[in-house]
Amino acid sequence: MEELIERTLEMQLSIGDKYNGESQCAYELSDEVLERIKSNDPKLTSIKLGAFNNTHHALPQKFLSLLHNKDLCDEAGILIGSNTHLDELYINIHMRSDDDDENYDYDDLAENYDEFLKGVANTKSLTTLDLGYCPAKSNAIHILAPLIEKGALESISIQNCTGDHNKLLASLLSKTNNERGTLKHISLDGTRGDDSISDYYTVDLIGTLSRYHSSLESLTLNYTTIEDTSRALSSMLSNPSCTLKKLTLEENEFDDESLSVLAKGLLENGTLEELNLKGSEHVSAEGWVNFFRILQPAKLGALHTLFLEKNNITDEAVVELTQVFANNNTLKRLNLSLNNSVTTAGWQTLASIFLNPNSAIDTMLTSGNPSFDDDAAIAWVDALSQSKNTKLNELLLSPHDITSRGWLALENLVCNKTSIDSLYDSNHTFKFYFEDTTTEQSAVVPAMISYHDFQLSCLVAECSRRIMVRRLVRSQEKDEKDDKLQDFRKKVMDKLSTDRITGHEKAVHKIIQFYFMSGEANMKDIWDMELNVIAHAIATIGCFAKDNIVATQDGPSTSGHTLLYQIMRSVPSLFDVSSSNRKNRKVGSKG
């Protein structure tokens, strides 16, 4: 079956989802796709060359084979340039790694890459252009000048962007034929070394965007040197006419002063929804403390996503961060992964953020932090329980420093098996995940401790992890046990980890699974129920038995009817039809 799915997807990728919907996407310049481009097929609106996912690693090589053929590059570029229906063009080329099997250097393909772009430059319909990894020897920006100056592009993305690329791009964007400019998204990943995007070029670009593209919504500047750039960004953010919603500044050379300057711009901004400051490793611990202190008066009323992973954030900075969002009701996603300077005390302090009754945080990422241990986990559970917080849906963490004490606290949060009431009052929306960093290719796997006992949960998660890793490396070996447990995990996730069933239904499932099926001792509670409640309970259990799984030490089981049999054995008087018993048991009465 998997092989059939693989082949079907491969076919769809090559011909462009022929039968699905109005707008279609091609992932390869096959003969059929080229013919559709040539015939100006109105349904083919997007081309993603070299696009791939975890299942289709080989696809980038297909576009690379195209780049080895100059004539084909020329032909394909001309056909795309003459098409009037294509709206999006993505070119997914990545920097060559030591693991590449092919004996080539991407920069050696620059001539053919440019030949392809010469045709593309004549297109009249493109609004989205992603050049992927731009070979250092390429003249891509110069070649695409007619397309950029026309002013119809709404999105431009370039990786391995040099200072010269940036300078020319700023010049072209200032000459747009559209008075207000149409550009809404621009993403530039710089290159390290002498050709890196320096302050001089970046400041010029930001000034151009502010003057000529006032509708800009998303700006990405990664791997750049930032000093004067922070002032330009601060000015852009504080401008009352700013429309920026997403700002990504990963792996940049911020220092303490430039980060503080950026914070002052954020104080005056009311439009930014997502901020990414990942990998600002030149900022000191004190710099992060000052950054959060400056932000404390800010309302940040639009901000819903904040990425702060891989930084020098310490416990003191966490205290200030908690103050920033103490009364915030918009932040939904906070990423503090790989901040190894935060200790257990810092994570305990951060737990107070959940005591905010207006907190909207639904996703928290803390993986790669070895100090997130039992005490940290328990502090978070206590805060979530005290506030009865049901907004937090997902927590990603590294499990290596959490022992059974911490796992038990997390388990009790989502599945307190003490009584029927405690089970019903458990948190039915919260899920926690862990990142396995012990394998070559780590995978994020649901722990799902909430549904079945901890040992089985670990077994399912481990098998799921092995399945995911196996697929990543495209292994062909089969493992029957893994397949069964993968199916089991899928059913569990479908039933309890998605919004397909309500919190009430999840609670009922947990009560049946953990309370009544945990042993005959709890069956006596059936006898203490009113007769009409017993009838309803048995009907519910019957439905559960019909189409729900049961966790057993031997793996997934569909023997849910066993529970009905246990009820008969434990409370036989329920099925006593003698006249004297019927007289003693009336609807609405007990015992």
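Contact, in this talk, means heavy atoms within 4.5 Å. With that cut-off, I80 touches I37, I47, L86, F116, V120 and T123, leaving out residues up to four places away in sequence.

A word on the model. It is predicted, so local features need pLDDT of at least 70 and side-chain atom pairs count only at pLDDT 80 or more, while totals for chains, interfaces and linings use all residues. Residues are numbered from 1 along each chain as its sequence is written, and side-chain values use heavy atoms, with hydrogens and water left out.

Back to I80. It lies in helix 4, residues 70-82. I80 is buried, at a relative accessible area of 1%. The scale is this: buried is under 20% relative accessible area, exposed is over 50%, partly exposed is in between, with a 1.4 Å probe and protein chains only. L126 sits 46 residues from I80 along the chain, and their C-alpha atoms are separated by 9.6 Å.

Next, helix 8, residues 163-173. Which of its residues are buried? They are G163, H165, N166, L169, A170, L172 and L173. The cover over them includes helix 6 (140-143), helix 7 (145-150), strand 5 (155-161), strand 6 (185-190) and helix 9 (199-212).

Now backbone angles. Most residues other than glycine have a negative phi. N160 has a positive phi, near 60°. N160 is in strand 5. It is buried, with a relative accessible area of 7%. L338 also has a positive phi, about 60°, and is not a glycine. Its place is the loop between strand 11 (333-335) and helix 14 (344-350). Is L338 buried or partly exposed? Partly exposed, at 42% relative accessibility.

On to rings. Phe, Tyr and Trp rings, the six-membered one for Trp, pair if their centres lie within 6.5 Å; planes under 30 degrees apart are stacked, over 60 edge-to-face, and the rest tilted. The count is 6 aromatic pairs. One of them is F372 with W380, edge-to-face, at 5.1 Å centre to centre and 85° between the planes. Both F372 and W380 are buried. Ring pairs also link W347, F354, F372 and W380 into a cluster.

Last, a charge over a ring. That needs NZ of Lys or CZ of Arg within 6 Å of the ring centre and within 35 degrees of the ring normal. K48 lies over the face of Y90, 5.2 Å from the ring centre.

Key: Helix = DSSP H or I, 4+ residues; strand = E, 2+ residues; numbered from the N terminus.
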